[in-house]
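Please consult the sequence and the coordinates displayed below while reading.

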Amino acid sequence: MGFRFDLFIVLIAILSVPVLSDLILSKVDRRIDLTSQVVRITSTLKVENSGNDPVSEVLLAFPEHQEKNLAYLTASFREGKGKGKGSTSSLPVEVVHPQGMPPALVFYSVSLPKGLGKGESLTLDVLVVFTHSLKPFPKEITQADFQLVVFQDSGHYLSPYEVKFQSLSVKLPDARIESYTRLENTKTVGSEIKYGPYENHPPFSYSPIVVHFEQNQPFAVAEQLVREIEISHWGNVQVTEHYKLIHAGAQSKGEFSRLDYQARPQVRGASAFRHLVAKLPPRAHSVYFRDEIGNISTSHLWTELEIEPRYPMFGGWRTSFFIGYGLPLQDFLFESGGKRFLNITFGCPMNEVVIDNLIVKVVLPEGSRDISVSAPFAVKQWQETKLSHLDIVGRPVAVLEKTNVVPEHNQHFQIQAAIQQVHDIISRCLSIHDKLEASLRDLSRTGDVQACKAARKASDGQLKELSKELRPLLAFLQSSPQAAQILPKVEELVAKERELQEKLMLKHTTVADSYEKKSGGKEIENRIASQQQKIVALRQEVDDLLDYIDEI
Amino acid sequence: MVGKMEAVNGVKSGSNSTASTFQSAFFKPDLSLKSLKLKTKQQELLIRVSILTLVYILAFITRLFSVLRYESMIHEFDPYFNYRTTVFLTEKGFYEFWNWFDSESWYPLGRIIGGTLYPGLMVTAALIYSIIRFLRFAVHIREVCVLTAPFFASNTTIVAYFFGKELWDSGAGLVAAALIAICPGYISRSVAGSYDNEGVAIFALLLTFYLFVKAVNTGSLAWALASAFGYFYMVSAWGGYVFIINLIPLYAMVLLITGRYSMRLYVAYNCMYILGMLLAMQIRFVGFQHVQSGEHMAAMGVFFLMQVFYFLDWVKHLLSDTKLFQAFLRITVTCAVGVGAIALGVGTASGYISPWTGRFYSLLDPTYAKDHIPIIASVSEHQPTAWSSFMFDFHILLFLFPAGLYFCFKRLSDATIFIVMYGLTSMYFAGVMVRLILVATPAMCLISAIAVSATIKNLTQLVRTKSKVAHTGSTKGTTSGKASSKASLDQSLPFQRNGAIALLIGAFYLLCKYATHCTWVTSEAYSSPSIVLAARGAYGNRVIFDDYREAYFWLRQNTPPDAKVMSWWDYGYQITAMGNRTVIVDNNTWNNTHIATVGRAMSSYEDEAYEIMRSLDVDYVLVVFGGVTGYSSDDINKFLWMVRIGGGVFPVIKEPDYLVNGEYRVDKGAAPKMLNCLMYKLSYYRFGELQTEYGKPPGYDRARGVEIGNKDIKLEYLEEAFTTSNWIVRIYKVKPPNNRW
């Protein structure tokens, strides 16, 4: 195993690094779940501040080779001391590059809600999900062989902090364990291997462990999954999912014998998987499952969709297919304050499928504008257009792309078109302002006071209408958490616009009055000069704000 | 006028069972006519158009059984090639398609697709597809391909109507449209999914004939031109155009001989022939065949003959002296025939004019293919037709055909002569080859329609005139005047009216039977895609064997993209289209030697076959095996043809080696060469360990009903790569050669 040697170098490198801060992990409890192809590590960290300065972030360290398979990381924070007490809330996590750290480590920083003062402690629950971390060994097996995989990690918790007390348990599927690294204090209980407890380890302690065991769970990996969610005006959300699946376990070699497989599928085909189960959303209808050459007649739709590829999937075998279903629109599309948002799940409906590259395309009805997306995790986004039935200009498509997706990512994301409407209304107000100005210019040319007053009256009415429209939109923005960062700007914009409106009206009245009194041109100019300055300044501010919101 | 309405009535009964309501509504025309305030002619038009619309829709929907029962998919073998090329055409455009060299088939030779196919079908489908796309309907090209045949079948009904109208009257046209809409002989090649050349070709064939007859009837250049374009479309769509280019000169010849030569014929034939020929040359696959191939020489001969005839006519006009003309005639005819014969002789001898092809010979002599071209004889649809399939495909048309001929002869015209000739020649060809029933179907329908229409018209006239005489006593128009006078002549016959009614009911009964028969045949026999096999399960439920697609999809996903697959040629198109892999031979049987090589490999011992497969770079071998499911059209049952075709080129392979006393068997008594040849080994590998049926020994072959003779099969140079769930398709991997050290 090549990279164990690398790790050793890493180990030497990191031992020379100074202690990062005064935090101490007083208790670390790790549970590694290896029962499926996805590796889930749940760690409970009890963090204590032994220094004097309050600390607001906790660093989590991962070796680089492990980090590149990291699919999902969430840290939640438990207040109170005992278990189950208090509410848990997930904390923001980001990649950081602290100074003076070894390059072979990647650090994630968990921001604590409030600084941890001297002597205080808190408990963090960290769930880390890795894909492609179980390496089949041997890499090629025959039909009759069972699939053996190797998992590597550190027996001691790798952390930039000192660890006082720690334990580790590795949960394996109910099957044969070929071998595992024995450290001191290692024991097996059923299908679980327990390491520890260990006490007082310095920062960056690393002791490699290797577990070699039998794993016959499906290693279904979607190399690519394209989900297309099409929203129809006619009350339907059509979801089409294009899968490119591979059995990413040990490659099969030699003959495939149908006779053996038919006679004893559990033995002569233990490493293969026959079907996948997709849990479709409730009220899904018109389900179909096809591939390039027609219906997949081996699959079935019972209460859940059982996708059975045309042939059993042995190691290294591929298949591709697409499934489609309709969903009632009212379950996913919500309306509030004149704009609509779609709230739908991100990942795929199949259990235990790892997705290397997920592309979600949301096809909105033709003519939708001002699309915004909010997803609970970072995704790459862009827009496309798609021509479908009876389209003239094409439907706008919001595309989200994410790599390394695990079932944990199956969360809701939203697509909405709210903020842009505020923008629209303000723009319309501004155009009315322009009209008012134009009417003033007309006045100076023609001297027709009546026409000018009529124009003003009309504008007044229109502005009132618009402000009425604006009210529910603002209310929605205030209530929606996604709009939090943009809300102050929007409010400022609305306030500025109102001020501008008042000033403009004032100017208008002044000018009109002066004309009625038949004042001289010079006099009028003097009277409105100061107002004019303010109006120009305000107009500039409003335009800037509009541009800013536009960019968001 | 009344007569026409009667005819409409008659047709209604032919098309569906709502006839009686129309009938009753029509017995009191005076009342309904006045209240509706439509003139009789308008009413007739309305009814005619609505019947045609119904027939049009019926022709389409009756072909959708397969889509409803299975799925929207392409059927059989050739359609998969057509589908693949259509997809290529829509993706890459016409010029790419025209210049396409396909390296995925006939490895290592490849195939020039653009020059070896009739592009009419693909271009038509691609055109329909782009029109639909232009109208902003996001359909898949597969749907267009699946529904092309039914769409053209519907169009054929319209052509049949006009043809019938041209031949006889609009009543016969309506009957013809209704008959052809559901005729099984045509449905067999035009159900949804049967995306084959014939689907559009029958439409083109009938259209060309109709336009030509119209041109002959009118003598109009415009119709002749239209007919030339119809012919062009036909040439672009199907090799069966040879039938047109031989039937039309034959028809012209018959008209000349029977003294029906006219200026109309001259205009129609010359325009159609010359323009049609020039247009047809634009199709690369046809090229210069019109002037170079023996099959097309008849048309050219008649063309020159026509000129001679015209010339003679002119001379006759100039020379008033009969004696002088007789002498001139003799000299001219001798010269013309002599020149023609010399030209033909020189052309043939110098190789400029190619001799008739084997396929053409096999049409004239049904036994020819069996002796000389086993590859043609091996195709089931090239077998001579059994009587039962005539009955199956034509049903009552078989009885109505002679009756229709009788009516045609009774009212002989240029048009009826044409349909009689079309009917008789196509019936001969239908007898020679099963698949040519298709060509005979339109003629059968038209001639039968004449019979039905004329009979029912006569009968209803009998029934109506009597009642009319009794009720009104007045006569309207010449037609009914004649009829009534005729009726008064026939008054002496007893029970005449009742007899007529009884006969009418009998005719309706027959037509109803025809409709039910057609529906039954369509749903039971002609709507299976043959890719997916269906059987009844133990509890009467439907069991699907989807093994073909399982195997092809496995090939597509789990073999290297450049893998070469060897299989018998039947599966070539499917492997390239669904499996997307290179094949050695496919259904375009253009190279007999290549196919014979595959046949030789299949019939050799494994080590010999390995050498052949190595020389062809074969990576996988695919065989079809029905022993587990009892599927009888598998490779073991086709094996003798492989031996014959292989032996035809490589005398090493001898058919008697595989037979025991002239008998073909796979059990213990089989010939030793049979038990150890590659095909046997690949089909039965490890089959001896499988218990297929309760109470039978392991290794019991259900397709042939015997226990196999060689249960201990070891493979040395190949290994099993994949076998489908019902063992129908078995794929073997050719092992790389062993290391020498």
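Is B:Glu381 buried, partly exposed or exposed? B:Glu381 is partly exposed, its relative accessible area being 29%; here buried means under 20% relative accessible area, exposed over 50%, and partly exposed in between, with a 1.4 Å probe and protein chains only.

## Basis of the report

This is a predicted model, in which local features need pLDDT of at least 70 and side-chain atom pairs count only at pLDDT 80 or more, while totals for chains, interfaces and linings use all residues. Residues are numbered from 1 along each chain as its sequence is written, chains are lettered from A and ligands numbered from 1 in the order in which they are written, and side-chain values use heavy atoms, with hydrogens and water left out.

## Chain A as a whole

Chain A contains seven helices and 32 strands; helices (H or I, at least four residues) and strands (E, at least two) are DSSP runs numbered from the N terminus. The chain has 552 residues, and 51% of them count as buried. Its accessible surface is about 25,700 Å², with 52% belonging to carbon and sulfur atoms; accessible areas come from the Shrake-Rupley method with a 1.4 Å probe, and for residues only the protein chains shown count as cover.

Among the contacts in chain A with a separation of 6 or more, 76% are between residues 24 or more positions apart. Contact means heavy atoms within 4.5 Å.

## Salt bridges

Over all chains, the whole structure holds 48 salt bridges, each defined as a side-chain nitrogen of Lys or Arg within 4 Å of a carboxyl oxygen of Asp or Glu. In chain B, B:Arg189 pairs with B:Glu381, with 2.5 Å between the closest N and O atoms. B:Arg189 lies in the loop between helix H11 (184–187) and helix H12 (197–218) and B:Glu381 in the loop between helix H21 (374–377) and helix H22 (387–394), so the pair ties together parts of chain B that are 192 residues apart in sequence. B:Arg189 counts as buried at 15% relative accessibility.

In chain A, A:Lys386 forms a salt bridge with A:Glu230, the closest N and O atoms being 3.3 Å apart. Because A:Lys386 belongs to strand E30 (residues 380–386) and A:Glu230 to strand E17 (residues 220–232), this pair ties together parts that are 156 residues apart in sequence. A:Lys386 is partly exposed at 23% relative accessibility, whereas A:Glu230 is buried at 13%. A further salt bridge joins the side chains of A:Glu192 and A:Lys194 at 3.2 Å, N to O; A:Glu192 is partly exposed at 21%, and A:Lys194 is partly exposed at 28%. A network of salt bridges links residues of chains A and B, namely A:Arg290, A:Asp291, A:Arg310, B:Glu71, B:Asp546 and B:Arg549.

## Surroundings of two residues

A:Ser191 is located in the loop between strand E14 (186–189) and strand E15 (192–201) of chain A. A:Ser191 is buried, with a relative accessible area of 14%. Apart from neighbours within four places in sequence, its contacts are A:Val170, A:Lys171, A:Leu172, A:Pro173 and A:Asp174.

B:Val123 sits in helix H8 of chain B and is partly exposed at 30% relative accessibility. Apart from neighbours within four places in sequence, B:Val123 is in contact with B:Leu89 and B:Phe94. Its C-alpha atom is separated by 9.3 Å from that of B:Ala237, 114 residues away along the chain.

## A nonpolar surface patch

A:Leu390, B:Leu127, B:Ile131, B:Phe134, B:Leu135 and B:Phe137 make a nonpolar surface patch of about 650 Å². Patches are made of residues with over 30% relative accessible area and no salt bridge, with like charges joined within 9 Å and nonpolar side chains (Val, Leu, Ile, Met, Phe, Trp, Tyr) within 5 Å. One of the members, B:Phe134, lies in helix H8 (residues 120–134) of chain B and is exposed, with a relative accessible area of 65%.

## Backbone features

Most residues other than glycine have a negative phi, and most peptide bonds are trans. The peptide bond from A:Phe137 to A:Pro138 is cis, with omega near 5°, and A:Pro138 falls in the loop between strand E9 (135–136) and strand E10 (140–141) of chain A. In chain B, the bond from B:Tyr107 to B:Pro108 is also cis, with omega near 0°.

A:Ser286, which is not a glycine, has a positive phi of about 50° and is placed in strand E21 (residues 285–291) of chain A. B:Trp727 has a positive phi near 65° and counts as buried at 0% relative accessibility.
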